[in-house]
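User: I have a model open and would like to go through it with you. Could we start with the terms we will need?

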Protein chains: 2
Amino acid sequence: MEKYSEILKKCPLFFKIENNNLIKMLTCFGAKIEAFDKKYTIFAEGSSAKYIGIVLSGSAQIIQIDYYGNRNILGTIEASQVFAEEFACTEASSLPISIVANEPCVVMLIDCQHILHTCTNNCEFHQQIIYNLMKDLALKSIDFHQKIDITSKRTTREKLLTYLIYRSKEEGTKSFDIPFNRQELADYLEVDRSGLSAEISKLRNERILESNKKHFVLL
Amino acid sequence: MEKYSEILKKCPLFFKIENNNLIKMLTCFGAKIEAFDKKYTIFAEGSSAKYIGIVLSGSAQIIQIDYYGNRNILGTIEASQVFAEEFACTEASSLPISIVANEPCVVMLIDCQHILHTCTNNCEFHQQIIYNLMKDLALKSIDFHQKIDITSKRTTREKLLTYLIYRSKEEGTKSFDIPFNRQELADYLEVDRSGLSAEISKLRNERILESNKKHFVLL
DNA sequence: ATAATTATGTTGAATTTTCAACAAAATGGA
DNA sequence: TCCATTTTGTTGAAAATTCAACATAATTAT
């Protein structure tokens with residue numbers, strides 16, 4: 001566990017928790033660490049929602065596949081970020097989404113019951129964790145607002161540009177990388193891949209952007 | 001304020017807080033109560049995000065209007081429900097959404113700073129509020145998951161049916177009312193109103209559903 | 001290095017949505 | 001009650017998306 005203490009320190013869930021207390025608490029929580037291969041389904045839709053996950057290395061995607069086989073990518077989770085917390089916190093019976101390893105990754109799993117219900121020892125850090133979880137959930141909601149703002153646009157072009165402008169603002173530069181390949185970007189934007197490729201070509205011809213694989217430049 | 005104690009008691013933010021303590025705390029928070037006419041913009045996009053709102057009577061809608069004038073309805077807020085908490089909690093500088101009165105309504109506004117930063121008296125109820133806020137935010141995220149699940153469908157028909165099935169499950173019956181008129185439903189589903197009307201007619205002809213204004217029956 | 005696989009871009013046809021315009025029905029106010 | 005306004009449903013044309021199929025480029029595995 002010590003191996004990941006630098007990453008854990010950056011995890012929003014453990015903000016203001018000192019390292020030695022953190023290790024103690026994680027032991028008390030019965031936190032376990034597991035490794036997954038690329039493309040492995042870490043949590044499957046419909047499975048138990050009791051665990052909160054934290055990505056320790058690699059990255060994962062939040063996905064949903066509908067009746068027709070359309071995959072919807074709801075977001076990506078990078079190292080030190082938390083996932084499935086909204087379901088664990090509401091004590092939902094099962095997950096409506098899946099979490100899939102985007103590359104080989106290591107995650108920490110914590111049974112959320114230990115976080116929601118103060119243990120008999122009543123650790124003094126518990127309140128801080130609840131506070132951190134609240135902050136984290138607020139940010140999660142804002143991420144969804146962003147996703148909705150992007151996908152509510154009526155055309156592929158507008159969805160793409162809205163997404164790229166968000167990314168550009170986050171990176172603070174007109175030149176940046178995105179965490180998706182074409183198919184993944186299409187699934188995040190909720191559009192057809194070939195139509196997206198065509199639209200990117202058009203925007204390139206119109207000198208609105210430059211792009212090379214995952215790299216984009218807004219002109 | 002006492003006038004609304006029954007509604008406040010139902011507010012998820014005040015779960016497990018006793019009435020006399022609640023009144024005391026709201027005074028300490030400097031909570032204020034305001035009334036708004038139908039269609040009045042309670043919070044405008046771009047305005048300060050420091051307040052958490054609670055609907056005491058009537059109902060409101062969370063909306064976003066894009067560059068082209070398309071209105072996106074992100075959700076409705078009924079009496080005793082909380083709004084704008086995700087922005088207040090992250091101490092966001094301004095709101096990316098507007099809150100509009102759906103009918104004449106009364107709301108309570110609380111400066112979130114009082115909730116986030118424990119006052120010098122360190123009220124014993126403070127921790128409970130943070131916990132409640134965390135639960136509330138988790139549910140809010142799940143609402144957005146639902147909205148995304150609905151609007152990520154590729155056709156008007158699928159969006160509508162996915163929405164109606166969610167409503168039906170929530171109500172526990174195949175026969176139920178929705179909180180939207182046609183234009184509002186179209187704006188929630190992120191589709192064209194006339195296309196939605198046409199689709200409802202088709203579904204009626206195919207004996208898949210019955211509908212009369214805001215009332216629907218899934219067959 | 002080579003073969004196999006995967007990812008990307010392109011195209012045209014079919015489907016669906018959006019848009020605009022209008023008529024009928026329902027609602028609200030004087 | 002009657003008039004004005006708003007809401008709803010219908011239609012056809014224009015625009016956009018999806019789908020399928022294929023060629024080429026890039027990546028991965030042997």
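Analyst: A residue is near a molecule or strand if one of its heavy atoms lies within 4 Å of it. Helices (H or I, at least four residues) and strands (E, at least two) are DSSP runs, numbered from the N terminus. This is a predicted model, in which local features need pLDDT of at least 70 and side-chain atom pairs count only at pLDDT 80 or more, while totals for chains, interfaces and linings use all residues. Residues are numbered from 1 along each chain as its sequence is written, chains are lettered from A and ligands numbered from 1 in the order in which they are written, and side-chain values use heavy atoms, with hydrogens and water left out.

User: Which element gives the largest share of the surface near DNA strand C?

Analyst: That element is H8(A), with five residues.

User: Which part of DNA strand C lies within 4 Å of the protein, by atoms?

Analyst: Of those atoms, 63% belong to sugar or phosphate, and the rest belong to bases.

User: New topic. At what angle do H7(A) and H8(A) pack?

Analyst: The angle is about 105°, and the axes are 9 Å apart. Axes are lines fitted to C-alpha atoms, for helices over the stretch in contact, and angles run from 0 to 180 degrees between N-to-C directions. H7(A) is therefore roughly perpendicular to H8(A), a term for angles of 65 to 115 degrees.

User: Which residues of H7(A) meet H8(A)?

Analyst: They are Arg182(A), Gln183(A), Leu185(A), Ala186(A) and Leu189(A), which meet Arg193(A), Leu196(A), Ser197(A) and Ile200(A) in H8(A). Contact means heavy atoms within 4.5 Å.

User: Finally, what rotation superposes chain A on chain B?

Analyst: A rotation of 180° with 0.0 Å of shift along its axis does so, with an RMSD of 0.0 Å. That is the relation of a two-fold axis. Copies are superposed by least squares on the C-alpha atoms of residues with pLDDT of at least 70 in both.

Technical notes:
Parallel < 35°, antiparallel > 145°, perpendicular 65-115°, else oblique.
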